[in-house]
Amino acid sequence: MSAVGRKKITGGSVFVYGFLSLAAFFAIFPFYWMLVMATKPSAAYNSIPPALVPGGLLVENFQKVMDKIPFFQAMLNTLIICLAATLVVLFISSLAGYAFAKFSFPGKNVFFVAILLTMVIPPQLGLIPQYLLVAKADLLDTLSGAMILFFLNPLGIFLMRQYISQSVPDELMEAAKLDGCSNFKIYRSIILPIVLPAFATLGIIVFTAVWGEFLWQFTVLRNPDSYTIQVALATLTATSNIDFGMVMSGVFWSTVPLIIVFLLFNRLFISSITEGSVK
Amino acid sequence: MISTDKQKQQNVPKKSGLSEKTKDRLSAYLYISPFFLIFSLVGLYPAVFSLYLSFHRWDGLTPMTSAGLNNFKIVLEDPLFWKALSNTLIIGIMGTAPQLVVGILLAFLLNLSVLKMKHFFRVTIFMPYITSLVAVALVFSVFFSNNETALANYILSLFGMEPINWKTSEWGTKVAISLMVFWRWVGYNTIIYLAGLQSIPKDLYEAATIDGASRPQQLRFITLPLLKPFITLTVFFSTVGALQLFAEPTVFLGNAAFSRDEAMTIVMYLYRDAFQLQSYGTASATAVILLIIIVTLAAINTFLSSGIGRQRRVRK
């Protein structure tokens, strides 16, 4: 047959590609539409047929966002909170994961199960006392107050324990011990370098979760200078006369950095999800 | 576990008075302590205090007075609580149940060995997950505005349908919020199912083909049972997540969020009691009720979804 290697167009493949393309379109369209609206006057929103091609108000709309909210300050605040939470979680999780993977001590299983059980407590349960605690420590409207809840990450310990028990050979630790290394020196010079790839996974999980966090920040941050980007964006619609071009511009520019990072590291993002939730 | 015997052999260098074993134990306790310290401060203490608060009347300023079960009574007799509960359940079911079906179908298609542009489809379908809930709610709030010319209403008009008041009607708000939930999470679940499909050994299918099993039979007797843990997992997370809905309705409705009841969720009800009405006691009672609901529903759903493969196998 002459048609070797040529694709047969069957009903099945039309369905497969049709369905996947439709799904991809639905996934992408809001991103594209964000861009369109961010470059249009608010009135374009009422035009028939609807605006589907970007306009020329990219700069003007963003100017309006900056008049309304401290955009860069909010992005910076969010970045600081996310980085701090991520670093603290990586440190705490790898240290505890090391203990659970490589040491034997009384109560080990009880402690480990206790850590897993803390995952069941819904974050809203303690919302009021957490708020009172932060208020009492005079940390309302501060970045420390906004980040403190996210230092707690039981999943991180679970992932690190898995990773360390799989990828750090006991022989390596024994050799280091014979050389007189202290336990913490082993952590610093042997464990840390080996777990770096797992840090990428856990780091992405923590960073994206904290980046998108709203309820807690909305509760403890009331002063615009302390806003995270999510809280700042939310205030954009808290007026009666909403400028849609401005709102979409704010959303668009707060999402662009994420899109870029995601497109650069999408494999890592996707594998972090499966590693974080599965196993 | 693995290292115990080995550590026992190493009591050789005793520099300080402590034995190697004791030192290891001390290190281990020291290394796991940061988690427990932080947990007691921002996890355990608040949870216990909430429980305590739920039995007291308190506005945060005047002294606390004991209230017995009164807070629970107030909450459970409040029609708005039941409204919030039913809103949460309706939006939760509409937003997450379709994900199961669509997610599994998408994962199945993405896992086809003949598929071209796999990576492209995977990345695009996953992309909504990187947007924040607030961003999603804002985009959808423009898409689903009450305006007759809003994009959602324009699309409806193409099909000859009447425009919908997406932000003020009983079902308009719920459909819009469910769609947000669906849009943001379906790719995420697809990826988890895909990982599940890829963990199924290929030779199982080969053996089944040799035994004469048809494609649908393979789906029923191999794919679904082996995908079960992944389905159980996503059902668990979806249930817990849906019951905690807050950002989407709050941001979608903007100004009107707490004064309307079409999309008031339990967490919004809790938030309103606590931070707008300063009724910490009833808000804490709501939090305790929420905990009970979450644990119960998560357990039921997990149990039901873990039954998926079992039924199938019994029938064979």
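A: Buried area is the accessible area that two parts lose on being put together, summed over both. In this predicted model, the area buried between chain A and chain B is about 8,900 Å², and carbon and sulfur atoms give 78% of that area. On the side of chain A, the residues A:L20, A:L125 and A:I128 lose the most area to chain B, together 8% of what that side buries.

Q: What makes the pair A:K177 and B:D24 a salt bridge?
A: The rule asks for a side-chain nitrogen of Lys or Arg within 4 Å of a carboxyl oxygen of Asp or Glu; the closest N and O atoms of A:K177 and B:D24 are 2.8 Å apart, and the pair therefore counts as a salt bridge. Between chain A and chain B the count is two salt bridges. As for the helices, helix α1 (residues 11–38) of chain A supplies 17 residues, the largest share of the side that touches chain B.

Q: How many residues of each class does the side of chain A that touches chain B have?
A: That side has 68 nonpolar, 20 polar and nine charged residues.

Q: How do you know which parts of domain 1 of chain A lose the most area to domain 2 of chain A?
A: The two domains of chain A, domain 1 (10–56) and domain 2 (59–275), bury about 890 Å² between them, 71% of it on carbon and sulfur atoms. Within domain 1 of chain A, the residues that lose the most area to domain 2 of chain A are A:M34, A:A38 and A:S42, together 50% of what that side buries. Across this interface the rule finds zero salt bridges, whereas four residue pairs are in polar contact.

How values were computed: Residues numbered from 1 in each chain as written. Chains lettered and ligands numbered in written order. Predicted model: local features only at pLDDT ≥ 70, side-chain atom pairs only at ≥ 80, totals over all residues. Heavy atoms only, no water. Buried area = accessible area lost by both parts, 1.4 Å probe. Helix = DSSP H or I, 4+ residues; strand = E, 2+ residues; numbered from the N terminus. Nonpolar A, V, L, I, M, F, W, Y, C, P; charged D, E, K, R; others polar. Domains from an automatic or database assignment. Polar contact = N/O pair within 3.5 Å; in protein donor to acceptor, adjacent residues only side chain to side chain.
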